[in-house]
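User: I would like to go through this model with you. Could you begin with the contact criterion you are using?
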Amino acid sequence: KKCPVNNTEMARNYEDDRQTKSHETVYTTSNGCPVPHPYATQRAGVNGPLLLQDFHLIDLLSHFDRERIPERVVHAKGSAAHGVWEATEGLEDLCMADMFKKGTKCPLTIRFSTVGGESGSPDLQRDPRGFAIKFKTQEGNWDFVGNNTPVFFLRDPAKFPHFIHTQKRHPATHLSGGDDSTMFWDYLSQNPEAIHQVMILMGDRGIPQGWRFMHGYYGHTLKIVKKNGEWVYAQFHIISNQGTKTFTQEEASALSPDYGQKDLFEAIERGDYPSWTMKVQTMTATEAEELWEKQRINVFDLTHVWPQKQFPLRSVGTLTLNENPKNYFAEVEQSAFNPAHMIPGVEPSADPVLQSRLFSYPDAHRHRIGANYQQLPVNAPICPFRMANFQRDGQMAFFNQGSRPAYLSSIEPIQFKDRAYDLNKVHGKFVGEAVSFLSEIRPEDFNAPRKLWRDVFSTESKKRFIETVSGHMKNCKDQEILKRQIAIFREVSPDIAEGLEKKLGFKGYSGIKGMNFNGTHNGMSEKKIPANGM
Ligand code: HEM
């Protein structure tokens, strides 16, 4: 029996809709009835009230009233484009995913974003950048939902809503961080594990020049798996072939609030297609255990990176953006990227932040777009076989799978495709103390930021950093918060604390030893608190 619609037909109709030109169309109401003119409103007499029978006007106004969907709760401001993936080098020896077979190509969409700002906010704000990629592979969609920094502010997902709320408007004043940075520093001064990301954010890398001149990072450790179930940990990097470029605070403030959108769109229109190289670091489970034992780096801790000398980068393939959206709402606002969208050969690690994200994104999508958001063309997979499942009905069910039984039927059975490997083999083993030390602050938390400050930042960058941080801190209304934050900077390097003290005109605390961060275990304290107790 033939299904009324399949993925290919859907894609064809969608393409037809995208490409339609105005002169080929006829003006109608939403039920397809031609209307001679959009302004021909029906009213009683020459100057009387309007008529309820004027469906054309009601149709127009009521649809207008419903034009907005909720903006993304984070990453609301963004730009996207379509393009192509090519596995120029491949990764077949380590991963069975079809898209990693050397030479394989597939369509992709990338959406770039800032994190904290609202949909209408400037895209040159000092903020991490989202870097979300949807690879439409022959085995389903793989959504790579990363950022432009390899680390993040937290390693405990329960902190995420708290942290994000400090970037949003104040509940009473409705002011955002530009006018009042108290909440921002209050959070950071109580959660020192954020310091590595704060150093990157407040340093010269904090404002990339639009979207084309930045790298993307998966951030979390993933597992990549071979057909026989053998796996290694993987850390993916998306390296800009344009190189990286950044703006200073002054440059960014003087530019258009839609700089990134304009720059990307215009580059693609003139055929200057931006591209990135996917690279990967890999590590065995034993190496991960050793890394924890010897260097105190836990691969499930998103505030740390994998050392590149020990785990070198290997090139896998190229991502090129060569097509602009024809319709921003349909192709960007309605796009939905979800870390839980994985493909055979790519599996999650036990990183608690990743584990929580696997839940949070599709939950947000069902709220933001609706239960059938996967059927929207920008999100729909393009597998070569006809998809079937038992998800039926709900609002806007365009692809409702015809007359096929909506249960697992013995009369009209569907077909199943085996997963090559045994999930027990891939997920049977957990490494490290991933849960017990989630919130504990340890001396190692300051190693990477210290290295950044001492080995990477130039004298000029250091000056700018002190300017940026002290400038931002001047909008914080509570000196106690800043004293704590200065103590955290002192753990990174005393000269940062001293520089800030000079600018601000008061002294911060001498260090974080003995401090208690909202009940967080402080491994820096003399009295060692057991990792599993408060
Ligand atoms: C967007 C939750 C951490 C990258 C979102 C959205 C939610 C969310 C609800 C909006 C989704 C939508 O409406 O489409 C969380 C939670 C986190 C977390 C609960 C931690 C517990 C992260 C991290 C990264 C990241 C660590 C990067 C490594 C992104 C990106 C987007 C996004 C790129 C925008 C996707 C797009 O362009 O549509 N996040 N997030 N998030 N998040 Fe996260």
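Analyst: Two residues are in contact if their C-beta atoms, placed from the backbone, lie within 7 Å. Please note that this is a predicted model.

User: Which residues does Tyr-361 touch, leaving out those up to four places away in sequence?
Analyst: Tyr-361 touches Phe-337, Asn-338, Pro-339 and Ala-340.

User: And where is Tyr-361 placed?
Analyst: Tyr-361 is in helix α10. UniProt, in an unreviewed entry, lists Tyr-361 under "binding site".

User: Turning to the ligand, which residues come nearest?
Analyst: Of the 29 residues around the ligand, the nearest are His-75, Arg-111, Gly-130, Pro-157 and Gly-219.

User: Which element supplies the largest share of that shell?
Analyst: Helix α10 does, with eight residues. The elements that each supply at least two residues are β2 (105-114), β3 (129-137), β4 (140-147) and α10 (352-368).

User: What is the make-up of the shell by class?
Analyst: The shell around the ligand has 14 nonpolar, eleven polar and four charged residues.

User: How many bridges join β8 to β9?
Analyst: Six bridges join β8 to strand β9 (residues 314-323), and these two strands also run antiparallel. Here Ser-275 stands opposite Thr-320 in β9.

Key: Residues numbered from 1 in each chain as written. Predicted model: local features only at pLDDT ≥ 70, side-chain atom pairs only at ≥ 80, totals over all residues. Near = placed C-beta within 6 Å. Helix = DSSP H or I, 4+ residues; strand = E, 2+ residues; numbered from the N terminus. Nonpolar A, V, L, I, M, F, W, Y, C, P; charged D, E, K, R; others polar. UniProt positions renumbered as here; feature names shortened; annotations may be inferred. Pairing = 2+ DSSP bridges.
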